[in-house]
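Here is a short report to read alongside the model.

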Amino acid sequence: MEHSISFIDRKATASQQHAIPADAAWTIDSVAALFELPFNDLLFRAQQVHRGNFDANTVQLSTLLSIKTGGCEEDCGYCPQSAHHDTGLKASKLMALDEVLAAAQAAKDHGATRFCMGAAWRNPKERHLEPVIEMVRGVKALGLETCVTLGMLEAEQAQRLADAGLDYYNHNLDSAPEFYDKIITTRTHQDRLDTLGHVRDAGLHVCCGGIVGMGESRLERAGLIAQLANLDPCPESVPINNLVQVEGTPLAGTEPLDPFEFVRTIAVARITMPKSMVRLSAGREQMDEALQSLCFLAGANSIFYGDRLLTTANPQAAKDRALLARLGMRSDA
Ligand code: SAM
Ligand code: DTB
Ligand code: SF4
């Protein structure tokens with residue numbers, strides 16, 4: 001099936017699936033060249049692009065809730081929720097609607113504008129989709145934007161979610177195609193692109209980003225950003241996650257990324273995806289406030305807000321409010 005999503009890849013030939021269109025806006029080399037800029041020059045360019053497209057002092061606040069935790073069939077090497085890894089996490093069933101709505105109301109009361117519900121599924125089974133659709137309807141009725149991340153979708157499932165009024169679907173590419181097989185073996189990079197195609201075709205907004213700090217090279221980080229930037233249309237929302245190392249996952253013990261390299265990744269995402277919301281995502285709990293401020297300077301304009309991500313800690317909401325106040329930044333609420 002033809003999708004409205006297109007993409008590029010490095011070292012591809014016309015016969016390969018990841019062929020680089022001649023008119024590709026961003027080649028891997030041109031993205032890698034941005035990474036190579038002196039830090040100050042890179043941040044200056046990112047600020048210029050940011051200010052040309054957004055109010056530089058406004059940050060969008062999304063709150064996450066794990067509506068179905070653990071026991072996942074996939075073997076994603078970074079993820080504490082995979083049944084393939086022994087992280088001591090207790091698997092749980094899909095949450096009840098009233099509990100989800102209570103969490104959404106609390107998120108709204110704290111100032112979040114988007115509520116993102118995540119499930120540890122390879123893909124949603126038929127019996128799960130209707131309860132999730134009820135959650136989407138209920139959260140939307142509270143006056144929040146809705147986002148769900150449920151794994152791979154069929155075209156018809158994406159359409160049903162769109163018909164229920166879902167605003168965003170999160171599905172990450174996670175890493176460059178060249179690096180992907182080192183991290184996940186149970187589904188392919190192309191599976192992810194197929195789901196993104198179904199999401200786009202259903203008329204949903206796309207939230208799609210990746211993880212860095214998994215031991216990838218700078219060129220592989222450039223490959224991830226190039227592929228995200230060449231999705232056509234570009235994702236409206238781009239979460240950049242710094243690996244949260246969880247004991248028991250294969251990636252625990254990976255050499256942590258140089259913090260300035262993380263800031264560079266945000267800046268390059270901002271320059272290559274000028275109109276997208278770039279979200280400073282997982283890994284903030286492990287960053288000090290100066291580093292987070294550099295990420296805002298580099299063009300991040302969205303965060304996960306609330307004391308938890310899915311299964312790991314996020315900065316306390318009150319601490320985030322204090323940080324934004326100190327920086328003279330405001331939320332989009
Ligand atoms: N199961 C669905 C899927 O994989 O699409 C949805 C939930 S999954 C947890 C959503 C995203 O969380 C992943 O694509 C990955 O980018 C991110 N993630 C998971 N574990 C992480 C970790 N330890 N550190 C940083 N990001 C992580
Ligand atoms: C995304 O890109 N990051 C979020 C959200 N989308 C679903 C998830 C981060 C998860 C971090 C590890 C955890 O808390 O389990
Ligand atoms: Fe499952 Fe998603 Fe975790 Fe992969 S990232 S193991 S698909 S919950």
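A search of the whole structure turns up 0 disulfides (pairs of cysteine sulfur atoms within 2.5 Å). Cys147 is in no disulfide, and the nearest cysteine sulfur, that of Cys116, is 4.2 Å away. Cys147 is buried at 3% relative accessibility, where buried means under 20% relative accessible area, exposed over 50% and partly exposed in between, with a 1.4 Å probe and protein chains only. Cys234 is partly exposed at 24%; the closest cysteine sulfur, in Cys208, is 9.7 Å from that of Cys234, too far for a bond.

This is a predicted model, in which local features need pLDDT of at least 70 and side-chain atom pairs pLDDT 80 or more, while totals for chains, interfaces and linings use all residues. Residues are numbered from 1 along each chain as written, chains are lettered from A and ligands numbered from 1 in written order, and side-chain values use heavy atoms, without hydrogens and water.

Now to ligand 1. There are 18 residues around ligand 1 (a heavy atom within 4 Å), and Tyr78, Asn172, Asp174, Arg187 and Val244 come nearest. The table lists polar contacts, pairs of N or O atoms within 3.5 Å.

| Residue atom | Ligand 1 atom | Distance |
|---|---|---|
| Tyr78, polar backbone | nitrogen | 3.0 Å |
| Asp174, polar side-chain | oxygen | 2.6 Å |
| Arg187, polar side-chain | oxygen | 3.1 Å |

Taken alone, ligand 1 exposes 550 Å², of which the protein buries 91% (Shrake-Rupley method, 1.4 Å probe).

Ligand 3 has Cys72, Cys76, Cys79 and Arg187 among the residues that surround it.

Technical notes. A polar contact is a pair of N or O atoms within 3.5 Å; within protein, one must be able to donate a hydrogen and the other to accept it, and residues adjacent in sequence count only if both atoms are side-chain atoms.
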